[in-house]
Amino acid sequence: AAESGNLEEMLAVLVVCEWTYMGWGQAVLSAEQKEGGPKVARENFETFEWIELHSGPGFESFVDYLRKLLDREGEKLKAGSCQERLE
């Protein structure tokens, strides 16, 4: 997608990645909050920071922004232009 220089294609990749990461981060935190659930090793800086980065209201807002931007920019990819790319 990056090689294409096409914003719509790059956004499509980013939305899938970031939305998935948000789901994982939220799932880990949700499991951790349950009694007896697995705990995030706070001494493992990289893991803990990754989970903190990819969860919470701030990251949810970021993903929502990317989704809305993709929706707006995706309007430019009409059926005709998509068909041209496949040929």
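Trainee: How many helices and strands are there in the protein chain?

Mentor: There are four helices and zero strands, where helices (H or I, at least four residues) and strands (E, at least two) are DSSP runs numbered from the N terminus. This is a predicted model, in which local features need pLDDT of at least 70 and side-chain atom pairs count only at pLDDT 80 or more, while totals for chains, interfaces and linings use all residues. Residues are numbered from 1 along each chain as its sequence is written, and side-chain values use heavy atoms, with hydrogens and water left out.

Trainee: Why are α1 and α3 called roughly antiparallel?

Mentor: Their axes cross at roughly 155° and come within 9 Å. Axes are lines fitted to C-alpha atoms, for helices over the stretch in contact, and angles run from 0 to 180 degrees between N-to-C directions. Angles under 35 degrees count as roughly parallel, over 145 as roughly antiparallel, 65 to 115 as roughly perpendicular and the rest as oblique. α1 and α3 are therefore roughly antiparallel to each other.

Trainee: Which residues of α1 meet α3?

Mentor: On the α1 side they are L7, E8, L11, A12, V15, E18, W19, M22 and Q26, and their partners in α3 include F59, F62, L66 and L70. Contact means heavy atoms within 4.5 Å. The residues of this contact divide into 12 nonpolar, two polar and five charged. Here Ala, Val, Leu, Ile, Met, Phe, Trp, Tyr, Cys and Pro count as nonpolar, Asp, Glu, Lys and Arg as charged, and the others, Gly among them, as polar.

Trainee: Why is V28 called partly exposed?

Mentor: V28 lies in α1, residues 7–33, and its relative accessible area is 32%. Buried means under 20% relative accessible area and exposed over 50%, with partly exposed in between (1.4 Å probe, protein chains only). V28 is therefore partly exposed.

Trainee: Which residues is V28 in contact with, leaving aside its neighbours within four places in sequence?

Mentor: They are V40 and I51. V28 and V40 are 12 residues apart in sequence and 7.8 Å apart in space, C-alpha to C-alpha.

Trainee: Which residues of α1 are buried, and what covers them?

Mentor: The buried residues are E8, L11, V15, E18, M22, G25, L29 and E32. Their cover includes α2 (45–53) and α3.
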